[in-house]
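This report describes one protein chain for a reader who is new to structural analysis. Please keep the sequence and the model in view while reading.

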Amino acid sequence: MTVLRQIRDSLHQAPPRLAVAVRRPLTRAVFLAEQLLDLVAGEEVCTEIAQARAMARGQDPRRTRQVLQDRKRWYQPHQWDRHLLEHLIGVAPDAAATDEQTDRLQALLPRVATRPADRPSCVVLPDRLRPVPGLLERMLTIDEGGEWQLALIKDELREVLSAAVAGPSCAQDDSAVLGEAPVPTQRGAGKPEPVVTHAEITAGVLHALMMKAWLTAIVHTMFDLTDRAGELAGHGIDAASVLADAVGHQGAGTVVPFGPLGRQLGGFRFEGLDGPGARACLRMEVLRADPHTETQFLGSIVALALAGRQRTVLGMSATGFMPGAARTHLLARPDWAMPDTFPGGLTIFNSTPVADGKPLAVGSTPYHERDQRVVSLAAGYAPGLVRDLTRLAADPRTAHRARALIAVNSYRQVRLFAQALYDTALALGRRLRIYIAVADKPDPSLPPVCDAIGQLTRDRFAELADLDGEVLIAPLPRTERGLNVLTVFEGIAESAFTIIGMGIRPVMPADEPAVLAASIAARAWRDTVPSHDPAAVLARARAAADAHLRLNLNAPKRFSALPDELKYELVATLLGQSVQLAGRGRRGQTHVELHFIDGAFHDPTWGSDLPTLVRGLLEQSSPDDLAQLGACYGYTIEEFAEYAQAPHLVPALHAGFHAHLGEHV
């Protein structure tokens with residue numbers, strides 16, 4: 001919150017009237033931000049349910065803190081709503097919250113944290129929760145008359161919550177509690193789940209409620225402060241302009257750039273809490289752009305600025321037609337596309353290795369086990385990869401493309417996977433020529449790799465073939481789009497990869513800011529019907545956006561219990577990523593083998609295996625959408641339908657493909 005300190009230090013430049021009006025919200029914002037930062041750094045307030053429960057068990061919370069440091073989470077005030085709804089308000093784990101239940105949760109917030117219009121009457125609260133708003137008000141209020149007694153307030157709040165929360169229940173594993181992915185945990189047959197004590201449940205609720213109240217109060221105060229930013233800037237306080245540009249104004253909602261929701265989503269990141277010598281800070285990030293409207297208007301705005309005339313966007317490589325994939329779906333129907341016209345160009349494999357009769361999995365497993373599971377998965381996959389590369393190298397038609405691209409989820413996993421793959425292949429008598437992706441800015445905290453493993457920044461990926469590399473391992477966001485590693489064969493540039501491996505199931509965090517904003521906007525625009533009354537159209541879009549925001553925030557965490565709309569949104573995103581990743585091996589109309597390696601792709605628990613999910617997505621798609629998918633992707637989407645054991649849908653997909661290409665099919 002450096003900008004707040006700069007405003008405070010320059011406040012003497014403002015006239016007394018303005019200084020008096022600004023000093024109160026400014027002092028409150030600085031107090032709330034700096035106190036929360038100190039309390040989180042000292043584990044007085046836990047940002048994570050798992051962290052709070054670990055402390056209640058008497059365990060060292062630093063392991064969880066290390067996890068958070070690696071993941072650099074974005075926290076927004078509604079982050080803990082679902083947990084509080086279930087354990088404090090009484091919403092069933094697999095049920096969506098009612099409006100009455102969400103009003104009760106909102107009514108828990110004190111006056112200092114909400115605008116009057118956003119605060120339901122406390123009469124909606126049951127008697128057991130009536131003391132909560134007052135206790136939170138004391139916690140968030142600057143007491144000039146004496147010592148701020150947080151410990152006493154926490155004890156009183158803990159006592160009230162202990163009497164209000166539900167009893168002990170089955171525990172979530174760390175990955176579910178940390179919100180890494182809204183998918184079920186892989187469970188062993190007949191293996192009992194750990195039981196959480198009442199004290200642990202209370203601790204999780206206590207810290208979740210404190211974080212929600214604290215961040216809500218900061219957001220509310222920051223918006224109050226930015227309402228005065230224009231006046232402050234007029235008196236030479238430049239930091240006020242920086243604040244206004246970064247945060248915006250609560251009452252300035254418009255369709256562009258905020259989208260149909262019409263307002264910003266505020267969130268925070270904690271930085272430097274654990275790094276030796278690092279300076280801790282709390283950074284506010286406000287999400288206020290709608291990617292769909294930006295995409296829609298980008299081409300016409302650029303054309304208008306450069307040529308004086310508006311023009312239609314002809315194509316954008318970062319988008320695609322995949323209904324439900326909110327971040328990347330092109331809402332408008334494309335008039336022209338380049339589908340896959342090569343029959344048999346894509347073959348999909350289940351390449352999950354097995355150990356002791358069980359598939360090796362990484363996704364949906366406890367976070368503290370991930371590193372070892374990544375190592376085991378890579379070691380188990382090594383013999384198959386060696387066989388495939390040897391087969392390709394022995395065939396004159398594919399020897400120039402005897403290479404593999406393997407996508408994982410992070411630079412840490414890149415290194416763990418690469419070293420285990422190299423060591424296991426070497427033990428089998430094969431020295432794999434492996435290159436790994438490295439970030440532009442080195443991170444010394446990542447695991448080391450041996451000197452035999454090469455390292456490439458993303459701007460050098462294209463050099464892989466020239467370096468005689470066989471395997472490139474990189475995070476999925478660095479490989480799924482725009483990565484073209486080519487080799488020349490008989491004068492024709494072709495993809496250097498034949499094998500594309502989806503090494504570890506992608507993380508799909510539904511509460512990340514960009515994902516949440518895209519989901520809300522996509523839902524609203526999808527159902528918008530033009531009419532002669534633009535105001536009514538926008539009002540309906542805003543109502544739909546608000547309803548979808550509540551649906552996202554109040555939905556159950558377990559994947560199988562998600563509303564179909566949210567479930568298939570995640571599946572569509574994963575399908576779009578898979579199609580794009582497979583395309584890295586299709587440059588020059590070459591054949592590609594797409595291997596799903598992580599056992600989490602094929603775990604049938606709760607019906608969450610990838611074939612079942614893709615089949616469900618395609619089956620709930622309209623005939624028009626299926627035809628458009630066929631027209632956009634051709635034989636590629638048909639191969640995914642076959643992989644999903646949905647051959648009955650292939651004719652509908654092929655009909656769109658046939659209509660698109662006519663006599664060429």
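## The chain as a whole

The model is predicted, so local features need pLDDT of at least 70 and side-chain atom pairs count only at pLDDT 80 or more, while totals for chains, interfaces and linings use all residues. Residues are numbered from 1 along each chain as its sequence is written, and side-chain values use heavy atoms, with hydrogens and water left out.

The chain contains 24 helices and 13 strands. Helices (H or I, at least four residues) and strands (E, at least two) are DSSP runs, numbered from the N terminus. Of its 665 residues, 52% are buried. Here, buried means under 20% relative accessible area, exposed means over 50%, and partly exposed lies in between (1.4 Å probe, protein chains only).

Contact means heavy atoms within 4.5 Å. Among the contacts in the chain with a separation of 6 or more, 72% join residues 24 or more positions apart.

## Helix α15

Helix α15 covers residues 370-394, which amounts to 25 residues. From its first C-alpha to its last it reaches 36 Å, close to the 36 Å expected at 1.5 Å a residue. The expected span is 1.5 Å times one less than the number of residues in the helix.

Where does α15 have a kink? The kink, of about 40°, lies at A382, shortly before the proline P383. The bend at a residue is the angle between axes fitted to the seven residues ending there and the seven starting there. The buried residues of α15 include Y381, A382, G384 and L385. Others among them are R370, V374 and L392.

## Salt bridges

Side chains of opposite charge can pair when their charged atoms come close. A salt bridge is a side-chain nitrogen of Lys or Arg within 4 Å of a carboxyl oxygen of Asp or Glu. By this rule, the model has 25 salt bridges. The table gives some of them.

| Pair | N to O distance |
|---|---|
| K212 and D81 | 2.9 Å |
| E156 and R138 | 3.1 Å |
| R458 and D440 | 3.3 Å |

K212 and D81 are both buried.

The pair of E156 and R138 links helix α8 (residues 150-164), which holds E156, with helix α7 (residues 132-140), which holds R138; the two residues are 18 residues apart. E156 is partly exposed at 29% relative accessibility, and R138 is partly exposed at 38%.

R458 lies in the loop between β8 (454-456) and β9 (471-475), and D440 lies in the loop between β7 (434-437) and β8, 18 residues apart. R458 is partly exposed, with a relative accessible area of 44%.

Salt bridges also link R430, R433, D468 and E470 in a network.

## Cysteines

How many disulfides does the model contain? The count is zero, where a disulfide is a pair of cysteine sulfur atoms within 2.5 Å. C450 is partly exposed at 25% relative accessibility, whereas C632 is buried at 10%.

## Selected loop residues and helix α6

R130 sits in the loop between α6 (99-107) and α7, and R130 is partly exposed, with a relative accessible area of 39%. Neighbours within four places in sequence left aside, R130 is in contact with C122, V123 and L125. The C-alpha atoms of R130 and A107 are separated by 9.3 Å, and these residues are 23 residues apart along the chain.

A107 is one of the buried residues of α6, together with Q101, T102 and L105. The buried residues of α6 pack against α5, α7, α10 and α19 (534-554).

E43 is not a glycine, yet it has a positive phi of about 60°. E43 lies in the loop between α2 (16-41) and α3 (49-56). D468 likewise has a positive phi of about 60° although it is not a glycine. D468 lies in the loop between β8 and β9 and is partly exposed at 41% relative accessibility.
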